[in-house]
Amino acid sequence: MLLLFFFSGAAGLIYEVTWARSLGLVFGASHLAVTTVLAVYMGGQALGSATFGRLADRSTRPLRLYGLLELGVGASALLFLGLMRVYPWLYPPIARLAEENGAYLTAVRTAFAVVAMIVPTTLMGGTLPVLTRFASGRGGGVARQLSFLYAFNTAGAVAGTLAAGFFLIGAVGVAATLLVGAGVSVAVGVGSVLLQGRAGSPTPSREPEGSAPRKAGDQEVLADLALRLTLVGIGVSGFCALGYEVLWTRMLTLVVGTSVYSFTVMLVAFLAGIGAGSHAFSLLGRWVSGPRRAVRAFAATQVLIGISALTVTVLMRQLPSLANRLQALLVGGNTTEFAGRLGASFGVGVTFMFVPAFFMGLAFPTAGAAWSANRKGAVGSSIGGLLTANTIGAILGAVVSGFILIYVFGIERSLQILVILNVGAGLAIAASLSSRRWGVAAAAAVTGIAVVARAAFPSWGRAWDQRYFATYVNYTRSIDSPEEARKKLADVAVLYYYEGVNETVSVTRSLGGQQSFVVNGRPEASTNLMDVQVQRTLGHLPMLLHPNPRRVFVLGTGTGMTLGATSIHPELERVVLGEIEEGVLGVARTFAGWNSHVLDNPKLKIVFNDGRNYLATTKEKFDVITADPIHPWSGGAGYLYTAEYFRSVADRLAPGGIACQWLPVYELTVHDVKTVVRTFAASFKYSFVWLTFYDAVLIGSNEALARRMSVPAIRDDLAIVQMGSAEDLLSFFLAGTEGARAFGRGGDLNTDDNVTLEFSAPASQGVLGLDGRNVLALATAREDLLPYLVPAASPAGRQAQVERWSRHQWAASRFDEAHGRFLLGERDTPAFLGLLEQLRLRDPQYAPNLFLVDSLAFWERSMPELVQSADFKVKGTGGGPGVLRLSAVRQYLGRGRVLVSVVDNDRREIYGQRLIDGPDGEYQKLDDQVLRYVAVTLDSFAAVAKQVTRDGEAPIESDLSAAFRIEAGRLVGRLPGAPQR
């Protein structure tokens with residue numbers, strides 16, 4: 001029986017994962033759509049618990065009834081699979097009737113989700129009450145049997161989560177995984193029906209041996225207030241449990257990432273705690289034997305959940321530090337980067353979620369012991385009622401935490417409010433056992449006051465430093481001392497921080513002036529020219545290739561640079577932005593100087609929806625559709641690289657329309673890159689590949705480059721990244737249709753069903769050198785641009801055209817190798833330097849190489865370099881002669897900003913630091929400015945040394961050092977966070 005329920009739990013999680021994925025593709029991945037699916041899923045279970053719990057008590061063969069439920073689950077799961085073939089064709093035209101009406105779309109989604117899931121989820125909800133009814137007649141007591149069943153079912157859920165998340169979906173696809181779940185349900189159902197004949201009819205449940213005798217007052221008290229509060233309490237427990245899970249997962253993704261594997265291991269850690277807690281109930285023995293003791297124990301679990309959750313919340317202030325230590329410990333040696341990251345993710349999940357989840361798992365059978373004690377002969381209905389209350393609470397917890405708490409109070413305060421509710425519920429339940437009923441009212445009043453106070457006073461009880469989370473990036477494993485951490489925080493300005501239900505976003509500005517956009521601890525874009533280049537290319541390139549781009553759709557806001565690039569084209573009449581997270585608009589506003597203040601453009605319309613879902617449901621056609629999604633290893637992002645998505649894009653293009661797609665060449669294997677190129681090329685009649693410095697840009701159709709390159713705003717926007725003319729922009733062309741298809745032949749076709757990229761890409765996280773290998777692999781597909789160009793009208797013009805692009809084709813062959821070597825770290829090798837020299841002599845104006853040379857020049861200057869030093873004679877501590885050497889060190893922090901530090905390397909002391917600004921990229925002018933400043937500064941220190949010298953004798957070292965500090969404070973200054981002696 002326990003084994004059957006184990007497999008039932010495994011199938012249940014397989015269903016949950018596959019149903020959520022399937023319906024998410026139809027309804028979109030917005031939080032509202034996802035919550036709608038979750039609410040219907042859990043609502044069906046609540047309905048099943050109540051309905052079949054009562055039916056179980058009237059059944060003389062409950063194991064057979066359980067088997068029939070499982071068979072029904074398996075059969076209706078197959079029906080779900082059929083509906084998923086119909087929904088993608090049926091939902092879009094219905095949604096288009098009022099595509100911008102949120103209430104209408106929610107109602108349609110709810111109706112579709114109910115039709116698809118209400119039958120199997122209702123049947124699933126009935127399994128635990130029915131099986132508990134059967135098991136209670138086998139001896140050991142209702143609560144003890146409930147704990148075993150709940151524990152084994154949760155253990156099965158852990159197994160199902162691991163199987164679906166790590167193996168099944170990636171290996172056989174979503175549909176086949178659902179079939180596996182249905183097969184398991186059918187097998188469990190058949191087995192249960194067959195076992196009923198051997199088991200016979202159940203006998204009335206008995207109290208376990210060793211139970212304490214009941215007191216006369218137990219029945220009366222528990223039939224009244226304590227019993228009702230136990231039912232309310234299990235609902236509050238479910239509310240808080242789902243709230244904790246939503247909020248903890250949001251915070252943990254900051255350090256573990258958002259890949260499908262990260263979410264899987266976090267869910268496993270949470271479920272493992274629940275399963276262990278449920279199993280531990282059997283060890284409590286006499287502590288829960290008897291109604292009053294059971295109520296008291298249940299009250300204690302609520303308080304313990306609250307205390308442990310509060311402890312976890314406080315400890316989360318050190319979350320980045322702990323995660324870095326775990327990764328540093330696990331990654332390296334015989335452990336791969338991928339395995340180490342997974343191990344660290346599981347360790348973080350267990351550290352922060354296991355203990356509270358343990359008490360959550362303990363709470364349910366403990367509540368069952370109290371609630372069922374006075375309901376003998378109604379085991380099924382009592383457990384069904386308890387499960388219904390818990391599930392309804394869980395639905396409300398997911399909705400309230402996701403739609404209200406996180407937006408109004410932020411994550412930390414929301415967690416603290418849940419803690420107050422948990423502890424308050426526990427105290428009220430405990431007080432209900434007293435004959436003085438005012439204790440319950442007092443506990444409720446104190447809880448209410450505490451919740452209001454925590455909501456009304458944001459600064460009270462703060463444990464987290466939001467600046468710490470805003471500046472954290474999860475791809476480094478540096479373990480900083482408190483002093484180093486403080487210096488890093490002081491050197492970075494936080495321009496924006498937002499906690500949303502989908503993601504946590506921030507914008508920071510470094511000491512060098514570089515502005516970065518960070519999502520869930522992962523930098524997504526910045527004002528670094530390598531990032532600017534691809535962001536603007538994604539906007540300008542399709543606009544320039546289209547003869548008259550009037551209507552444009554942009555998927556994803558980010559920094560707004562891609563959106564802004566489309567907005568400055570004079571032909572534009574309307575641009576629609578699809579954005580799933582409203583808080584990202586605040587990010588774009590901090591980049592207003594880089595995105596042409598696009599959010600204030602009257603031609604812009606913003607749609608807060610999953611961009612893919614919007615394209616599938618809108619009636620509008622676009623001349624240009626461009627997408628700058630997040631990396632495909634991020635959970636859910638893989639669906640923006642599938643054949644179905646690309647076909648949807650093609651369907652929304654107006655005649656002659658252009659599709660544009662970002663493709664990173666870092667943290668993807670060559671096979672993964674081929675998979676994306678193959679999938680994209682298979683979806684369009686014409687496909688082209690452009691290669692920027694760190695990324696590729698895919699184009700879905702081709703038109704002759706138009707005259708709009710002459711518009712000053714467009715030219716200036718691209719000149720900064722060496723694309724300011726038609727010739728320069730075309731120099732980044734890599735391959736046309738034939739080259740793209742030839743390159744992609746070695747890859748897979750990425751579909752919504754196999755989602756191969758989502759499961760393969762995470763293994764490349766943190767692996768160095770992949771960008772260089774991908775560039776060299778893409779270079780094998782390089783084609784000559786001449787066949788794609790409109791021939792010049794005159795013979796002389798045609799001859800010049802052929803000579804120019806033949807020279808550039810030769811340069812491209814040399815540049816590809818140099819580009820790959822640069823990315824592989826071979827910057828100082830003779831082979832790399834020789835290639836640069838060949839390019840300088842043969843084609844000095846080749847735009848991609850000019851960008852590489854500029855990047856190399858900045859990279860070399862970003863290393864600390866001695867500018868000048870000066871020695872000063874001193875008397876040491878023993879009176880002997882010595883030397884105090886001051887060194888002026890230069891370090892480029894940005895292309896127009898240099899940090900000059902005056903230091904004593906021997907004594908590891910920084911006397912002063914000064915930022916010197918100059919024109920971006922004009923390194924020689926800035927170097928000359930630094931030399932003049934350093935000369936004046938060291939002369940000033942020499943003058944101070946003469947003032948300290950007496951009678952021609954060298955000054956005492958400490959006196960001279962103190963004088964230098966005073967002079968440095970006057971002349972040089974000290975940057976915030978600079979270490980002091």
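I began with Cys660, which is buried at a relative accessible area of 3% (buried means under 20% relative accessible area, exposed over 50%, partly exposed in between, with a 1.4 Å probe and protein chains only). This is a predicted model, in which local features need pLDDT of at least 70 and side-chain atom pairs count only at pLDDT 80 or more, while totals for chains, interfaces and linings use all residues. Residues are numbered from 1 along each chain as its sequence is written, and side-chain values use heavy atoms, with hydrogens and water left out. I then looked up Cys240, which counts as buried because its relative accessibility is 0%. How many disulfides does the structure hold? I found zero, taking a disulfide as a pair of cysteine sulfur atoms within 2.5 Å.

**Helix α1 against α3.** I next turned to helix α1 (residues 2-27) and helix α3 (residues 62-95), whose axes lie 11 Å apart and which pack at an angle of about 15° (helices are DSSP runs of H or I with at least four residues, strands are runs of E with at least two, and both are numbered from the N terminus). I noted α1 as therefore roughly parallel to α3 (under 35 degrees counts as roughly parallel, over 145 as roughly antiparallel, 65 to 115 as roughly perpendicular and the rest as oblique). The axes are lines fitted to C-alpha atoms, for helices over the stretch in contact, and the angles run from 0 to 180 degrees between N-to-C directions. α1 passes α3 in a left-handed crossing (left-handed if the near helix is turned anticlockwise from the far one by less than a right angle, right-handed if clockwise). On the α1 side I listed Leu4, Phe5, Ser8, Tyr15, Trp19, Ser22, Leu23, Val26 and Phe27, and on the α3 side Tyr66, Glu70, Val73, Gly74, Ala77, Phe80, Met84, Tyr87, Pro88 and Tyr91, with contact meaning heavy atoms within 4.5 Å. By class, the residues of the contact of α1 with α3 come to 15 nonpolar, three polar and one charged (Ala, Val, Leu, Ile, Met, Phe, Trp, Tyr, Cys and Pro count as nonpolar, Asp, Glu, Lys and Arg as charged, and the others, Gly among them, as polar).

**Helix α1 against α2.** I kept α1 and looked up its packing with helix α2 (residues 31-58), where the angle is about 140° and the axes are 10 Å apart. α1 and α2 are therefore oblique to each other, and their crossing is right-handed. The contact is made by Gly12, Glu16, Trp19, Ala20, Leu23 and Phe27 of α1 together with Ala33, Val37, Leu38 and Tyr41 of α2. I counted this contact of α1 with α2 by class as eight nonpolar, one polar and one charged residues.

**Helices α32 and α33.** For helix α32 (residues 923-948) and helix α33 (residues 957-971) I noted a packing angle of about 140°, with the axes 10 Å apart. That angle makes α32 oblique to α33, and the crossing of α32 and α33 is right-handed. I listed Tyr933, Thr937, Ser940, Phe941, Val944, Ala945 and Val948 of α32 in the contact, along with Asp959, Leu960, Ala963, Phe964, Glu967, Ala968, Arg970 and Leu971 of α33. The contact of α32 with α33 holds ten nonpolar, two polar and three charged residues.

**Helix α28.** How many of the ten residues of helix α28 (residues 770-779) are buried? I found seven, and I noted the helix as mostly covered; the buried residues are Leu770, Asp771, Gly772, Asn774, Val775, Ala777 and Leu778. These buried residues of α28 pack against α23 (670-681), β10 (688-691), β12 (733-735), α26 (737-744) and α29 (795-823).

**Two residue pairs.** Leu304, in helix α11 (residues 291-315), counts as partly exposed at 35% relative accessibility. I found Leu304 and Pro356 to be 52 residues apart in sequence and 7.7 Å apart in space, C-alpha to C-alpha. Val423, in helix α14 (residues 379-431), is partly exposed, with a relative accessible area of 23%. I found Val423 and Thr562 to be 139 residues apart in sequence and 49 Å apart in space, C-alpha to C-alpha. Leaving aside neighbours within four places in sequence, I noted Val423 in contact with Gln302, Val303, Gly306 and Ile307.

Most residues other than glycine have a negative phi. I therefore looked up Val755, which counts as buried at 1% relative accessibility and has a positive phi of about 35° although it is not a glycine; Val755 lies in the loop between α26 and α27 (756-760). Arg908, in the loop between β15 (897-904) and β16 (909-917), has a positive phi near 50° and is likewise a residue other than glycine. Is Arg908 buried or exposed? I noted Arg908 as exposed, at 79% relative accessibility.
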